[in-house]
Amino acid sequence: MVAVSSTMQALGSLAHDFSLPDVRRDNTLISLADYLNKPLLLMFICNHCPYVVHIAQKMTELGNEAQSKGFGVVAISANDSVAYPQDGPEPMVDFAKQHGFEFPYLFDETQSVAKEYAAACTPDFFVYDRGHRLRYRGQMDSSRPGNALIVDGADLNSAINDVLHSGFANEEQVPSIGCNIKWRSGNEPDYF
């Protein structure tokens with residue numbers, strides 16, 4: 001497994017519009033407009049990445065809790081589901097049920113949303129304030145498969161709470177690390 005770091009987009013940049021099907025709810029389209037005047041947590045994940053599997057339970061807990069506090073929360077899978085069928089819509093439904101997602105799990109089949117956000121790895125986390133300005137991008141915590149650190153969600157949890165209470169997060173942020181997004185051949189982004 002080759003580790004890739006998140007691209008660490010500029011803080012303060014605006015969220016990009018999206019409209020993607022929620023595999024958990026009969027492919028109901030979910031868009032950025034559904035979260036007007038709400039802080040937003042976007043998580044680029046996939047079903048098979050060992051980095052995602054390693055943090056899945058805590059990530060779900062943080063996402064469900066953030067949503068209960070008024071955040072918009074969405075997980076997005078953008079992996080090439082032809083080359084990686086385990087990341088296709090049906091396995092996404094199973095993954096969401098297995099882990100107890102209470103938030104949408106969106107399928108970015110064209111990979112255009114992942115490119116707009118310059119998502120690079122799974123997992124890749126983005127926290128936006130109520131005006132949808134980027135306040136956090138980085139790791140959930142310092143735990144990785146094989147490093148023996150406890151999965152506690154400290155970094156992401158702190159960012160969520162900071163944005164909820166003040167609209168800002170600590171600007172000292174550590175990039176997320178994970179598997180690269182599995183781009184379709186010829187669809188690779190130019191930000192690598």
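The paragraphs below go from the overall fold of this predicted model to one of its helices. Local features are described only where pLDDT is at least 70, and side-chain atom pairs count only at pLDDT 80 or more, whereas totals for chains, interfaces and linings use all residues. Residues are numbered from 1 along each chain as its sequence is written, and side-chain values use heavy atoms, with hydrogens and water left out.

The protein contains 4 helices and 10 strands, assigned as DSSP runs (H or I, at least four residues, for helices; E, at least two, for strands) and numbered from the N terminus. Along the sequence these elements follow the order β-β-β-β-α-β-α-β-α-β-β-β-α-β. The radius of gyration is 15 Å, close to the 16 Å given by the globule rule for 192 residues, so the protein is as compact as a globular protein of that length; the radius is taken over C-alpha atoms, and the rule is 2.2 Å times the number of residues to the power 0.38.

Of the 192 residues, 52% are buried, where buried means under 20% relative accessible area, exposed over 50% and partly exposed in between (1.4 Å probe, protein chains only).

Helix 2, residues 89–99, has Met-92, Phe-95, Ala-96 and His-99 as its buried residues. These cover an arc of only 95 degrees around the axis, which puts them on the same side of helix 2, the arc being that of the directions from the helix axis to the C-beta atoms. The face turned away from this buried side carries the exposed residues Glu-90, Lys-97 and Gln-98. Just after helix 2, Gly-100 takes a positive phi of about 80 degrees.
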